[in-house]
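Work through these exercises with the structure in view. Try each task before you read its solution.

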Amino acid sequence: MFLLSGLLAVLPLAGLAQAASAQGDDAAAEEAKSGPADNARAGSGEAARFDCQALTDQPAPEGARAWLERSLWANHCYAFQARAVRIGSDGVRSLALSHDIVEGVEREVARFLDGPAVVFERRGRIGRLSWADGDGAVAASPAGIVAHLEGLYRLRLSGEERLANRNAVRLDIEPLDDLRYGHRFWLDKATGLPLKQILLDEQGRVVETFQITQLNRPRLHRGTIDLDRLRSAPNDPWWPTWLPDGFIAKPVETRSPRHNEAIGHRVYSDGLATLSLFVEPVTGKDQLMPGLHRLGVSHAAVRHRELGGQARQVVVMGELPPRVLIRVADSVTWRTSADDASP
């Protein structure tokens with residue numbers, strides 16, 4: 001998932017309503033494996049980091065896979081300010097975007113310039129591809145994402161265009177099944193930053209367009225960016241028994257001030273598409289109506305089910321075909337004994 005567009009896609013769930021701000025955890029950055037020149041070490045217990053200056057030593061990308069990896073690294077390593085427009089089912093919105101790196105930690109902010117005054121902010125490090133397993137190394141880098149996408153999407157370059165007064169290459173990413181959406185990216189030739197992104201549903205229809213109209217002085221960070229710390233998988237009593245091929249649990253901290261201890265939340269991704277899964281007791285008057293809800297370009301499937309001897313609300317949301325979200329929600333199971341274990 002590309003950084004700032006991913007930030008805008010992660011809307012708070014509370015009441016399926018807009019929130020004034022959204023603060024992310026320091027693990028909300030992209031997944032990773034070993035970076036260019038292997039300078040992003042991912043060994044157990046060491047303070048791994050990526051030196052952004054390594055990008056200056058890399059040759060110009062050749063081929064779709066190399067362009068995607070370069071763009072994922074650029075999302076982490078370039079500081080910039082930009083203006084953009086987002087076109088979706090909820091209309092046209094203009095935004096001010098910024099991304100910078102301070103003491104090894106990224107900070108990105110998106111401010112809507114029309115309509116309700118909404119600001120999204122996220123701070124993060126370069127995330128890891130999976131939960132820690134014992135003392136072994138955990139993959140961490142855009143190279144890992146690109147490798148993980150193999151067999152799930154078809155990548156191809158489709159010529160060059162000029163956008164936001166900059167030269168760009170077009171990258172088409174087509175799903176190999178009907179369980180996820182397709183993408184088109186226009187990547188800045190000088191930096192690799194995405195200048196335009198189009199999301200396509202399973203019928204090839206445009207769901208959302210996100211385009212930078214002005215990119216101000218992108219600057220390659222002179223220093224390193226930290227990789228996220230190793231995280232052990234939580235021992236939840238519930239888990240989905242079905243996910244689309246390639247979706248794995250993201251090692252991110254999902255607890256927030258909005259969620260009390262009774263609310264469980266996990267995030268799953270195939271490297272591009274992401275879904276959030278919430279499980280909580282059905283209590284009070286703030287419960288959601290079971291069914292399918294539209295959230296801008298995303299959907300939320302809501303089920304009230306008997307799990308663990310109690311009525312619980314299961315919510316699955318993301319930019320995926322609605323039937324996929326419904327199937328995931330219906331597949332959630334509850335551990336019935338201490339011997340059962342979630343995958």
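**Exercise 1.** Find which residues of helix α3 are buried, and what they pack against.

*Solution.* Remember that this model is predicted.
- Step 1: locate α3 at residues 142-149.
- Step 2: apply the cut-off, since buried means under 20% relative accessible area.
- Step 3: list the residues that pass. They are P142, A143, G144, I145, V146 and L149.
- Step 4: judge the helix as a whole. With six of eight residues buried, α3 is mostly covered.
- Step 5: look at the partners. The buried residues of α3 pack against α2 and β7, the latter at 153-163.
- Step 6: check what comes after the helix. G151 follows α3 and has a positive phi, near 90°.

**Exercise 2.** Decide whether helix α2 is largely enclosed or largely open, and compare its span with the expected one.

*Solution.* 
- Step 1: take the span. From first C-alpha to last, the 14 residues of α2 reach 20 Å.
- Step 2: compare. At 1.5 Å a residue, 20 Å is expected, and the span of α2 is close to that.
- Step 3: count the buried residues. Eleven of the 14 are buried, so α2 is largely enclosed by the rest of the structure.
- Step 4: name some of them. The buried set includes W67, L68, L72, W73 and C77.

**Exercise 3.** Identify the two cysteines that form a disulfide, and describe their link.

*Solution.* 
- Step 1: A disulfide is a covalent bond between the sulfur atoms of two cysteines.
- Step 2: find the pair. C52 and C77 have their sulfur atoms 2.1 Å apart and form a disulfide. The structure holds one disulfide.
- Step 3: C52 sits in the loop between β2 (49-51) and α2 (64-77), while C77 is in helix α2. The two are 25 residues apart, and the pair links distant parts of the chain.
- Step 4: read the handedness. The angle about the S-S bond is -80°, and the link is left-handed.

**Exercise 4.** Work out the strand order of the open six-stranded sheet, and find its edges.

*Solution.* 
- Step 1: write the order. It runs β14-β15-β16-β19-β18-β17, with antiparallel pairing.
- Step 2: pick the edges. β14 (248-249) and β17 (291-295) each pair on one side only.
- Step 3: examine one pair inside. Strands β16 (274-281) and β19 (310-318) run antiparallel and are joined by seven bridges. P281 has R312 in β19 as its bridge partner.

**Exercise 5.** Classify S89 as buried, partly exposed or exposed, and trace its contacts along the chain.

*Solution.* 
- Step 1: locate S89. The residue lies in the loop between β3 (78-88) and β4 (91-102).
- Step 2: use the cut-offs. Buried is under 20% and exposed is over 50%, with partly exposed in between. At 46% relative accessible area, S89 is therefore partly exposed.
- Step 3: list the contacts. Beyond neighbours within four places in sequence, S89 touches V207, R294, G296 and V297.
- Step 4: compare sequence with space. S89 and L295 are 206 residues apart along the chain, yet their C-alpha atoms are separated by 9.1 Å.

**Exercise 6.** State how many helices and strands the protein chain has, and what share of its residues is buried.

*Solution.* 
- Step 1: count the elements. There are four helices and 20 strands.
- Step 2: take the share. Of 343 residues, 54% count as buried.

Key: Residues numbered from 1 in each chain as written. Predicted model: local features only at pLDDT ≥ 70, side-chain atom pairs only at ≥ 80, totals over all residues. Heavy atoms only, no water. Buried < 20%, exposed > 50% of the residue type's maximum accessible area, 1.4 Å probe, protein only. Pairing = 2+ DSSP bridges. Disulfide = S-S within 2.5 Å. Contact = heavy atoms within 4.5 Å. Expected span 1.5 Å × (residues − 1).
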